[in-house]
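User: Hi! Could you walk me through this one?

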Amino acid sequence: MAQQKMTQLEEKARIWLKERGVTLDDIADLVYYLQSKYHDDLSLEECKWNVNRVIAKREVQNAILTGIQLDILAEKKQLDSPLQETIEVDESLYGIDEVIALSIVNVYGSIGFTNYGFIDKQKPGILEKLNDKSYGCNTFLDDIVGAIAAAASSRLAHSTASDEEIDD
């Protein structure tokens with residue numbers, strides 16, 4: 001399959017992830033964490049390939065840019081109160097960050113919801129760092145990264161279950 005040129009939106013989403021300290025390898029590690037016990041010969045390259053396919057989706061790119069922009073504005077204290085404080089402290093009853101994450105998870109079906117819930121509670125790898133407030137405000141980003149990993153895991157599970165690639 002020929003690779004398509006990235007849109008400006010996709011390029012920006014990938015750049016912003018990297019600028020916020022998240023690499024594709026970090027997300028691939030999360031996919032591996034979620035799926036390795038179900039696939040004897042799963043490689044990090046296969047995980048990364050699925051992460052790339054998820055990030056290639058416009059809905060995912062929009063979620064990445066929206067969430068990161070809100071995190072940046074909160075870091076700069078440029079949101080009005082009480083939203084500023086709510087996002088800054090990652091208020092537990094504020095669920096909009098999870099709603100954005102679920103919009104990513106939903107792209108590849110219901111298995112993504114369970115993968116996301118599991119990884120969001122466990123906070124392995126990069127998610128532990130993003131959840132640590134000493135690395136800036138990542139109220140949205142930690143959920144978005146977990147959702148990308150959950151969606152990539154779902155994509156992987158679906159393609160393996162049917163022994164063929166799923167439609168993108």
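Analyst: Happy to; we'll start with the overall build and then turn to one helix pair. This is a predicted model, where local features need pLDDT of at least 70, side-chain atom pairs count only at pLDDT 80 or more, and totals for chains, interfaces and linings use all residues. Residues are numbered from 1 along each chain as its sequence is written, and side-chain values use heavy atoms, leaving out hydrogens and water.

User: How many helices and strands are there in the protein?
Analyst: The protein has nine helices and zero strands (DSSP runs, H or I of at least four residues for helices and E of at least two for strands, numbered from the N terminus).

User: And how much of it is buried?
Analyst: Buried residues are 45% of the 168, buried being under 20% relative accessible area with a 1.4 Å probe, protein chains only.

User: What box do the C-alpha atoms fill?
Analyst: Roughly 50 × 35 × 25 Å along the principal axes.

User: Now the pair. At what angle do α6 and α7 pack?
Analyst: Helix α6 (residues 96–105) and helix α7 (residues 111–122) pack at about 135°, with axes 9 Å apart. Axes are lines fitted to C-alpha atoms over the stretch in contact, and angles run from 0 to 180 degrees between N-to-C directions.

User: Which residues make the contact?
Analyst: From α6 come Glu98, Ala101, Leu102 and Val105, and from α7 come Gly112, Phe113, Tyr116 and Asp120. Contact means heavy atoms within 4.5 Å.

Technical notes
Buried < 20%, exposed > 50% of the residue type's maximum accessible area, 1.4 Å probe, protein only.
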